[in-house]
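The following note is intended for a reader who is new to structural description. Please keep the sequence and the structure at hand while working through the numbered points.

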Amino acid sequence: MFRLDDRLSLCASFVREGVSLADIGTDHGYLPIWLLVNKKISYAVAADVREGPLDRARMNTERYGLTDKVKTVLSDGLDNITADEADDIVMAGMGGELIAKLIDRTPWLRDSNKNLILQPMTRAEVLREYLCKSGFCIKEEKACISFGKTYSVILAAYDGTIRPCNLKYRYVGKLDGDKSAEAKRYIYVVNEKLKKKLNGYEYGTEEYNSVKALISELSELTDTEE
Ligand SMILES: C[S@@+](CC[C@H](N)C(=O)[O-])C[C@H]1O[C@@H](n2cnc3c(N)ncnc32)[C@H](O)[C@@H]1O
């Protein structure tokens, strides 16, 4: 049996025992296959918008003798998946903006029993802001380092409460206050990106000043040694 890398392992750790899973943008299908082989889940829908990745998922599903437990579906986001097919929904390895868009057009995700496990590759700040403004609660967030890159994985569920989302929360979410080496590294990387971004803002404007203030706040978080 293969091992999941630290990024997919972290996603897997957020999946609840015994649930039905939908893995959106499944590609190779490793996450549902690993969860089924390790008997953490009972059933999975592996979905992808492209036939090529879906074929890979089908091949891997057959290789591990799981064709009766994995339904492979050609689907743009959750468009071809129904509410009764999934309790936990993983969207990993896609951009934060795309993930937000796919959640937004799926009304059945506005259900507190559905857990969303989200791993944005880019623009995580857009996703966190969307979740806060759309009644989704970020219940947990953890960082990991996989093959030298840092990632954040968000566990969210709908509770209907619209939350304020300040600049710091948009960029580091629940990793603020997380003293793990992985969270510190994630915040460090985010801050380095913000420093580059600052050059694009007009000096002295409100936007410039707030990003500059965030940069010094985040520097303090990453400079603190335990
Ligand atoms: C980088 S792979 C990530 C694979 C796996 N989830 C992981 O994290 O390792 C991204 C996958 O998302 C799929 N994808 C992109 N947009 C999608 C959409 N709108 N709906 C479903 N899948 C999509 C791509 O075809 C690709 O297979």
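Predicted model: local features only at pLDDT ≥ 70, side-chain atom pairs only at ≥ 80, totals over all residues.

1. The shell around the ligand holds 16 residues, of which G25, D27, P53, A92 and G93 come nearest. Two elements, β2 (43–48) and β4 (88–94), each give two or more residues to this shell. The largest share, three residues, comes from β4.

2. What is the make-up of the shell around the ligand by residue class? It has eight nonpolar residues, together with four polar and four charged ones.

3. Domain 1 covers residues 6–165, and domain 2 covers residues 167–226. The centres of domain 1 and domain 2, taken over C-alpha atoms, are separated by 27 Å. Where the domains touch, domain 1 gives 13 residues to the contact and domain 2 gives 12.

4. Which elements give two or more residues to the side of domain 1 that touches domain 2? They are α5 (124–133), β6 (136–146) and β7 (149–158). Strand β6 provides the largest share of that side, namely six residues. By class, this side of domain 1 comprises six nonpolar, two polar and five charged residues.

5. Helix packing may be examined next. Two packed helices are described by the angle between their axes and the distance between the axes. For α4 (residues 96–104) and α5, the axes come within 7 Å and cross at roughly 25°. Because angles under 35 degrees count as roughly parallel, α4 is roughly parallel to α5. The contact involves G96, E97, I99 and A100 of α4, and A124, V126, L127 and Y130 of α5. These residues divide into six nonpolar, one polar and one charged.

6. A second pair is formed by α7 (residues 181–198) and α8 (residues 206–223), whose axes come within 9 Å and cross at roughly 155°. Are these helices roughly parallel or roughly antiparallel? Since angles over 145 degrees count as roughly antiparallel, α7 is roughly antiparallel to α8. The crossing of α7 and α8 is left-handed.

7. The residues joining this second pair also deserve attention. Among those of α7 in the contact are I187, Y188, V190 and L194, while the residues from α8 include V211, L214, I215 and L218. By class, the contact of α7 with α8 has 11 nonpolar, three polar and four charged residues. Charged members of the contact include K184 and K195 of α7 and K212 of α8.

How values were computed
Residues numbered from 1 in each chain as written. Domains from an automatic or database assignment. Contact = placed C-beta atoms within 7 Å. Helix = DSSP H or I, 4+ residues; strand = E, 2+ residues; numbered from the N terminus. Near = placed C-beta within 6 Å. Axes fitted to C-alpha atoms, helices over the stretch in contact; angles between N-to-C directions. Parallel < 35°, antiparallel > 145°, perpendicular 65-115°, else oblique. Left-handed = near helix turned anticlockwise from the far one by under 90°.
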